[in-house]
Amino acid sequence: MDPDALPTTDIDVDELSPDELKARIDAGEDVTILDARMESDFSEWHIEGENVDIANVPYFEFLEDEVPEDVLDRVPEGDPLVVLCAKGGASEFVAGKLAEDGRDVVHLEEGMNGWARIYERVEVSRYDGPGKLYQYQRPSSGCLAYMLVSVGEAAVIDPLREFTDRYLADAADLDADLRYAIDTHIHADHISGVRNLADEGVTGVIPANAVPRGVTYADEMETAGDGDVLEVGAAEIETVYTPGHTSGMTSYLVGDSLLATGDGLFTESVARPDLEEGDEGAPDAAKQLYDTLQTKVLTQDDDVLIGGAHFSDAATPADDGTYTAPIGELVETMDALTMDEDDFVDLVLSDMPPRPANYVDIIETNLGQQDASDEEAFELELGPNNCAASQDALTSD
């Protein structure tokens with residue numbers, strides 16, 4: 001049965017917005033969730049947190065007039081229990097059936113699709129360059145982006161297509177004109193917003209070294225090569241070529257204070273090297289990544305912040321709520337940054353997670369080799385990012 005065409009129940013169930021659920025989790029409240037999606041969808045991607053207790057019972061197990069006792073026994077109690085599905089229809093039905101059984105329940109408005117539309121902007125308080133720097137966080141996928149604002153101008157690094165209007169509105173609210181939209185590389189886990197922002201009059205910037213992968217729209221963009229500088233108000237963004245995760249991977253040094261490393265280095269791990277050339281090309285890419293980290297990243301000042309394009313469930317935010325950390329701190333806590341090359345390569349090849357969902361279609365869309373409607377683009381990028389070399393943190397306390 002189509003979960004969007006389920007029968008109705010006689011009890012109205014209150015909705016909980018995704019933002020309200022996120023606020024409860026962030027506040028440290030105990031949250032109990034029943035995920036009514038199919039087991040395969042749940043296994044691939046679900047809400048997690050130290051204070052989140054979650055169970056998976058698919059919606060179709062609630063279709064009988066009276067829900068079997070063995071099904072009800074698998075449903076946890078909650079205060080209230082939050083029932084969710086993909087889009088909100090099946091969860092409303094399941095929550096209604098549980099309410100008929102006397103359970104205290106609410107259902108999540110728009111389901112996991114609504115969760116995927118949460119996008120938060122947090123100021124990077126330790127940034128000490130000109131202007132102000134903000135980090136955008138998408139908790140559903142761990143995607144991160146950055147907006148620099150200085151003297152009436154703004155630039156966004158690694159924007160997502162889904163939030164094109166958000167960047168424009170935020171820049172306006174911060175009394176700035178959005179001048180640049182910049183990509184660090186050809187992303188494999190989300191649809192880039194650079195071209196959409198360019199359509200709105202923003203100057204799109206892509207790495208010069210990414211063009212040979214087959215970018216079809218390079219003539220419509222500015223390209224940034226190693227050492228190039230973009231001026232944003234009183235601040236400068238310097239281009240630093242950092243291959244390894246991909247052949248075109250490029251970082252940007254913002255105001256001499258934060259290195260936006262894309263998927264080259266995260267606060268909890270280093271990049272995986274297999275998303276461009278596959279398993280066969282991964283060892284050479286891992287060696288290239290090692291050289292990049294040693295000669296281009298770790299040679300920056302110890303107090304320069306690292307800000308990646310993603311964070312995982314294993315990451316711990318800084319005191320300001322951002323996923324950033326000084327280079328000196330990462331060198332002290334991440335053994336991968338002080339290993340010799342052979343040990344580094346062995347490490348990054350040993351525990352790579354599954355490749356991001358739909359990554360081939362996402363890459364081809366970001367290259368401009370295939371088209372996707374807004375709805376198709378949103379569906380393509382649902383799920384975890386999986387761009388790090390390990391599912392676990394490589395850092396120690």
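**From one residue to the whole protein**

Tutor: Let us begin with tyrosine 134, which sits in strand β7 (residues 132–138); helices (H or I, at least four residues) and strands (E, at least two) are DSSP runs, numbered from the N terminus. This is a predicted model, in which local features need pLDDT of at least 70 and side-chain atom pairs count only at pLDDT 80 or more, while totals for chains, interfaces and linings use all residues. Residues are numbered from 1 along each chain as its sequence is written, and side-chain values use heavy atoms, with hydrogens and water left out.

Student: Is tyrosine 134 buried or exposed?

Tutor: Tyrosine 134 has a relative accessible area of 8%, so it is buried; buried means under 20% relative accessible area, exposed over 50%, and partly exposed in between, with a 1.4 Å probe and protein chains only.

Student: And what does tyrosine 134 touch?

Tutor: Leaving aside residues up to four places away in sequence, tyrosine 134 touches Arg121, Val122, Glu123, Val124, Ala145, Tyr146, Met147, Val149 and Leu174, where contact means heavy atoms within 4.5 Å.

Student: OK, switching to helices. At what angle do α8 and α10 pack?

Tutor: Helix α8 (residues 278–297) packs with helix α10 (residues 341–350) at an angle of about 125 degrees, and their axes are 9 Å apart. Axes are lines fitted to C-alpha atoms, for helices over the stretch in contact, and angles run from 0 to 180 degrees between N-to-C directions.

Student: What do you call that arrangement of α8 and α10?

Tutor: The two helices, α8 and α10, are therefore oblique to each other, since angles under 35 degrees count as roughly parallel, over 145 as roughly antiparallel, 65 to 115 as roughly perpendicular and the rest as oblique.

Student: Which residues meet there, between α8 and α10?

Tutor: From α8 there are Ala282, Pro283, Ala286, Lys287, Leu289, Tyr290 and Leu293, and they meet Glu341, Phe344, Val345, Val348 and Leu349 of α10. The residues in this contact of α8 with α10 divide into 10 nonpolar, no polar and 2 charged; Ala, Val, Leu, Ile, Met, Phe, Trp, Tyr, Cys and Pro count as nonpolar, Asp, Glu, Lys and Arg as charged, and the others, Gly among them, as polar.

Student: What about glutamine 288, where is that?

Tutor: Glutamine 288 is in helix α8, and with 34% relative accessibility it counts as partly exposed. Not counting residues up to four places away in sequence, glutamine 288 touches Pro243 and Gly244.

Student: New topic: which peptide bond is cis?

Tutor: The bond from aspartate 79 to proline 80 is cis, with omega near -5 degrees, and proline 80 lies in the loop between α3 (69–72) and β4 (81–84).

Student: What is the phi of aspartate 158 like?

Tutor: Aspartate 158 has a positive phi of about 60 degrees, although it is not a glycine. Aspartate 158 lies in the loop between β9 (153–157) and α6 (164–173) and is buried, with a relative accessible area of 1%.

Student: Last one, zooming out: how many helices and strands does the protein have?

Tutor: The protein has 12 helices and 18 strands. Its radius of gyration is 22 Å, close to the 21 Å that the globule rule gives for 397 residues, so the protein is as compact as a globular protein of that length; the radius is taken over C-alpha atoms, and the rule is 2.2 Å times the number of residues to the power 0.38. Buried residues make up 56% of the 397 residues.
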